[in-house]
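I opened my notebook for a friendly look at this one.

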Amino acid sequence: MKIAILPDNDAIGSVGADLIEKLYRDKPNAVLGLATGSSPLPVYKEVIKRHEAGRISFKEGRAFTLDEYVGLPEDHPERYSNFIRNNFVSHVDFQEGALRTPDDRTDDIEAGAAAYDKAIAEAGGVDLQILGIGTDGHIAFNEPGEALTSRTHIGFLTDQTRRDNARFFDGDIDKVPTHCITQGLGTIMEARQLVLIAQGEGKAKAIRELAEGAISAFWPATIMQMHPNAWILIDEGAASMLENVDFYREQWAKLRG
Ligand code: F6R
């Protein structure tokens with residue numbers, strides 16, 4: 001894993017945007033995997049800026065989001081399909097239909113989940129997957145105990161995750177959905193590059209487990225240790241419980257030249 005401990009959100013945004021810019025320069029029809037939530041926002045902000053400056057175009061690109069709440073009204077701003085359009089996709093030049101999100105509004109959600117994996121495969125697979133991490137170590141909505149090889153499926157949110165996400169729902173945990181459709185850990189691991197973003201001390205334990213803990217379904221993000229091209233972009237707060245920091249800083253300094 002390549003672990004970058006960065007001073008602030010501007011630096012995180014800049015490194016994340018560099019990776020996306022390079023991808024689309026090398027492969028204009030690349031497939032981007034998008035996380036929602038607050039962590040990747042600095043990256044999306046910087047990518048939008050570079051798009052406006054003519055440096056990145058997504059007009060041949062495609063995108064898939066990681067997950068979706070089950071049961072939120074069509075126009076709810078926290079529906080992840082709305083969130084990602086409002087915060088990123090509608091500000092750049094993806095073509096109509098280039099964004100796909102898991103669909104909770106079908107009669108057969110299970111069939112829809114299987115179809116989602118198939119659609120990713122038919123698009124050629126995800127080239128670069130943006131990820132956040134939950135305080136309990138979830139990636140997408142794969143909560144502790146999820147099979148490390150899982151595919152896109154219906155999951156439920158732990159009370160911890162619902163408490164964490166209540167900040168997006170007027171601070172009211174009862175307004176946070178209990179279920180979701182989420183890409184599985186096996187699905188995510190097939191992306192050719194993973195870029196996980198985390199800020200703040202609240203994420204420090206999850207980041208320590210991710211980078212230095214034993215691979216375990218109890219900390220789902222630890223599966224990333226098995227990925228050959230995983231990047232972790234974090235601030236000092238999220239890095240504050242790591243032991244091997246000297247190595248990470250040295251490795252990052254060499255990588256950035
Ligand atoms: C969202 C997602 C989740 C979030 C995680 C962290 O699509 O997949 O795993 O990345 O819950 O959320 P934030 O970034 O809001 O702290």
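Predicted model: local features only at pLDDT ≥ 70, side-chain atom pairs only at ≥ 80, totals over all residues.

I started with the fold and found an open sheet of seven strands, paired in parallel, in the order 1-10-9-6-2-3-5. At its edges I noted strand 1 (2-6) and strand 5 (99-100), each of which pairs on one side only.

Strand 2 (residues 31-34) runs parallel to strand 6 (residues 128-131), and two bridges join them.

**The ligand site**

Then I turned to the ligand. Where does the ligand sit? I found it in the largest pocket.

I listed the residues around the ligand and got 15, of which T36, S39, D67, H138 and A140 come nearest. Sorting this shell by class gave me six nonpolar, six polar and three charged residues.

Which side chains place a polar atom 2.7 Å from an oxygen atom of the ligand? My notes have T36 with a polar side-chain atom at 2.7 Å from a ligand oxygen, and D67 with a polar side-chain atom at 2.7 Å from a ligand oxygen. For R167, I wrote down 3.0 Å between an N or O atom of its side chain and an oxygen atom of the ligand.

On its own the ligand has 410 Å² of accessible area, and the protein covers 96% of that.

Terms used
Residues numbered from 1 in each chain as written. Heavy atoms only, no water. Near = heavy atom within 4 Å. Polar contact = N/O pair within 3.5 Å; in protein donor to acceptor, adjacent residues only side chain to side chain. Areas by Shrake-Rupley, 256 points an atom, 1.4 Å probe, with all protein chains shown as cover. 1 Å grid on protein atoms, 1.4 Å probe; cavity = no way out; pocket = protein on both sides within 12 Å on 5 of 7 lines; lining within 4 Å. Sits in = over half its atoms within 2 Å of the grid points. Nonpolar A, V, L, I, M, F, W, Y, C, P; charged D, E, K, R; others polar. Pairing = 2+ DSSP bridges. Helix = DSSP H or I, 4+ residues; strand = E, 2+ residues; numbered from the N terminus.
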